[in-house]
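Welcome, and take a moment to turn the model around before reading on. The paragraphs below are meant to be read with the structure beside you.

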Amino acid sequence: MRLLFLVAIALLVQNDRVLAWGQEGHSIVAEIAAHCLDQTTYDSIRALLKTDLLPDVQDGHVSLGSIASWADDYRAEHEESRNWHFVNIPFERGTYDPQVDCRPDSRYGDCIINAIERQRVTLADCEKSPAERTAALKFIVHFVGDIHQPLHASERNGDHGGNDVVVSFFGKSAKLHAVWDTDIILRTVYAWGAYVTRLETKWLPGRDLSGLDGGTPVDWALESHKFARDVVYDIPDGAVLEMNYYSRALPVVDRQLALAGLRLAQLLKDTLKPTASCP
Ligand code: ADE
Ligand code: ZN
Ligand code: ZN
């Protein structure tokens, strides 16, 4: 019995590792993206997401925020998608080496950079079934969020993106990874909708975003990685994180969530743009 209990705890800890931004972070990114979509792109998204609903009960509303964490549920039952949520660029190297960092693993998959590209190709292909394209849409909404979490593009000394680093965050013991997935956001707002409002009314207006809403998944991962090097891993001796750390971290979380939203919107617009072969 005791052994069973220990095995269950070990599995939980292991499972806990690959968590993405929490549901809040993903919903924030998806909602910001939804607000930036044009009508044509929104209509294509609605047509895809409606295929999940029973025909008689749907009222035509769809919400990107609601499907933004679906990929985490999928991962729980599909271990081959486990590595699609991150790319472990080593802190010690600081550059992306696709052969090493995105090496295919027959059991757990390759990495977020290839996963975004694969799902983008599926989403753009109207010869694929609606079910495949809908799944691709849900993966993209999630992965574009994940790749902007600095610890989903970094690891130091094999720490699994800070999952093996225990810190104290405002007096509570936490994994460094979870501080960045969830805790900083939850110390800032009660409800994720308030974070969207905060970014849309305080962060975005008047900001020069030229060149920032584009880029490739490799660019996004390297940017995230740089924040991990400069801010995330810059933890004081004793790993007691309080106001000092939070005030350096929050601008990074703000920027990453806001840009993930804008970049996601741009990627969805480009990918779903009607073409001659996919009108
Ligand atoms: N598991 C292993 N490395 C990880 C990372 N960088 N982010 C999330 N989960 C992980
Ligand atoms: Zn995570
Ligand atoms: Zn994830």
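This is a predicted model: local features need pLDDT of at least 70, side-chain atom pairs count only at pLDDT 80 or more; totals for chains, interfaces and linings use all residues.

Residues are numbered from 1 along each chain as its sequence is written, chains are lettered from A and ligands numbered from 1 in the order in which they are written, and side-chain values use heavy atoms, with hydrogens and water left out.

Let us begin at the zinc ion (ligand 3). Its protein donors are His-85 (ND1), His-142 (NE2) and Asp-146 (OD), at 2.0 to 2.2 Å. Donors here are N, O and S atoms within 2.8 Å of the metal (3.2 Å for Na, K and Ca), and because water is not among the atoms, sites may look incomplete. Along the chain, the donors of this zinc ion follow the spacing H-x56-H-x3-D. His-85 sits in the loop between helix H5 (70–77) and helix H6 (98–101), and His-142 in helix H8, so the pair ties together parts that are 57 residues apart in sequence. Helices (H or I, at least four residues) and strands (E, at least two) are DSSP runs, numbered from the N terminus. Are these two histidines, His-85 and His-142, buried or exposed? Both are buried, where buried means under 20% relative accessible area, exposed over 50%, and partly exposed in between (1.4 Å probe, protein chains only).

Helix H8 also leads us to a neighbour. Helix H3 (residues 39–50) and helix H8 (residues 130–147) pack at about 115 degrees, with their axes 9 Å apart. The axes are lines fitted to C-alpha atoms, for helices over the stretch in contact, and angles run from 0 to 180 degrees between N-to-C directions. Ile-45, Leu-48 and Leu-49 of H3 meet Pro-130, Arg-133, Thr-134, Leu-137 and Lys-138 of H8, with contact meaning heavy atoms within 4.5 Å. Gln-39 also lies in helix H3, and this residue is exposed, with a relative accessible area of 52%.

Three strands form an open sheet in the order S2-S1-S3, with mixed pairing. S2 and S3 stand at the edges with a single partner strand each, so one side of each has no neighbour in the sheet. S1 and S2 pair in the antiparallel sense over four bridges; strands pair if DSSP finds at least two bridges between them. Ser-168 has Ser-173 in S2 as its bridge partner. Helix H9 lies across S1, S2 and S3, running at about 105 degrees to S2. How many of the 11 residues of H9 (residues 176–186) are buried? Eight are, among them Trp-180 and Asp-181.

Most residues other than glycine have a negative phi. Phe-170, in the loop between strand S1 (166–169) and strand S2 (172–175), has a positive phi near 45 degrees and is partly exposed at 25% relative accessible area. Ala-239, in the loop between helix H11 (217–232) and strand S3 (240–241), has a positive phi near 55 degrees and counts as buried at 14%.
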